[in-house]
Amino acid sequence: LGRHLARLKPVAVFWKGGHADSVRLGLNSGGYQGFWMPIEDENQFSRAWKKLFPMTHPGGVVLFKGSRGNHMENLLSVLIG
């Protein structure tokens, strides 16, 4: 997954859940140079997002992928709230 993400060249990858070390290794081996941050909760995500993207960028795309157990809707609420 990390190698695949590296080919997409996202500006940032926030990771919530298991296997973060494996994904990071894949990103590294794929030559990813962007921002990487494993997160635990929506507060941590909110602080990092606001620091990285202080203004709204029209036309941007945010992809959320996760299991119901990771409560990804809480991260989404940070962006739409």
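Helices and strands are here DSSP runs, helices of at least four residues and strands of at least two, numbered from the N terminus. The model under study is predicted.

**Exercise 1. Describe the order of the elements and the overall dimensions of the protein chain.**

Step 1. Counting the elements gives four helices and two strands. Read from the N terminus, they follow the order α-β-α-β-α-α.

Step 2. The radius of gyration of the protein chain is 13 Å, close to the 12 Å that the globule rule gives for 81 residues, so the chain is as compact as a globular protein of that length.

Step 3. Along the principal axes, the C-alpha atoms occupy a box of roughly 35 × 30 × 20 Å.

**Exercise 2. Determine what share of the residues counts as buried, and characterise the exposed surface and the contacts of the protein chain.**

Step 1. The cut-off for a buried residue is a relative accessible area under 20%. Of the 81 residues, 28% count as buried.

**Exercise 3. Classify Val 61, Asn 70 and His 71 as buried, partly exposed or exposed.**

Step 1. The cut-offs are under 20% relative accessible area for buried and over 50% for exposed, with partly exposed in between.

Step 2. Val 61 is placed in the loop between H3 and H4. Its relative accessibility is 79%, so Val 61 counts as exposed. From Phe 35, Val 61 is 26 residues away in sequence and 16 Å away in space, C-alpha to C-alpha.

Step 3. Asn 70 lies in the loop between H3 and H4. With a relative accessibility of 18%, Asn 70 counts as buried. Leaving aside residues up to four places away in sequence, Asn 70 touches Lys 16 and Gly 17.

Step 4. His 71 belongs to the loop between H3 and H4. At a relative accessible area of 40%, His 71 is partly exposed.

**Exercise 4. Which phi values do Lys 9 and His 71 have, and where does Lys 9 lie?**

Step 1. Lys 9 has a phi near 55 degrees, a positive value in a residue other than glycine. Lys 9 is located in the loop between H1 and S1 and is exposed, at a relative accessible area of 68%.

Step 2. His 71, which is not a glycine, has a positive phi of about 55 degrees.

**Exercise 5. Locate Ser 22 and state its separation from Gly 34.**

Step 1. Ser 22 falls within helix H2 (residues 20–29). A relative accessible area of 48% makes Ser 22 partly exposed.

Step 2. Between Ser 22 and Gly 34, which are 12 residues apart along the chain, the C-alpha separation is 17 Å.

Conventions
Residues are numbered from 1 along each chain as its sequence is written. This is a predicted model: local features need pLDDT of at least 70, side-chain atom pairs count only at pLDDT 80 or more; totals for chains, interfaces and linings use all residues. Side-chain values use heavy atoms; hydrogens and water are left out. The radius of gyration is taken over C-alpha atoms; the globule rule is 2.2 Å times the number of residues to the power 0.38. Buried means under 20% relative accessible area, exposed over 50%, partly exposed in between (1.4 Å probe, protein chains only). Contact means heavy atoms within 4.5 Å. Accessible areas come from the Shrake-Rupley method with a 1.4 Å probe; for residues, only the protein chains shown count as cover.
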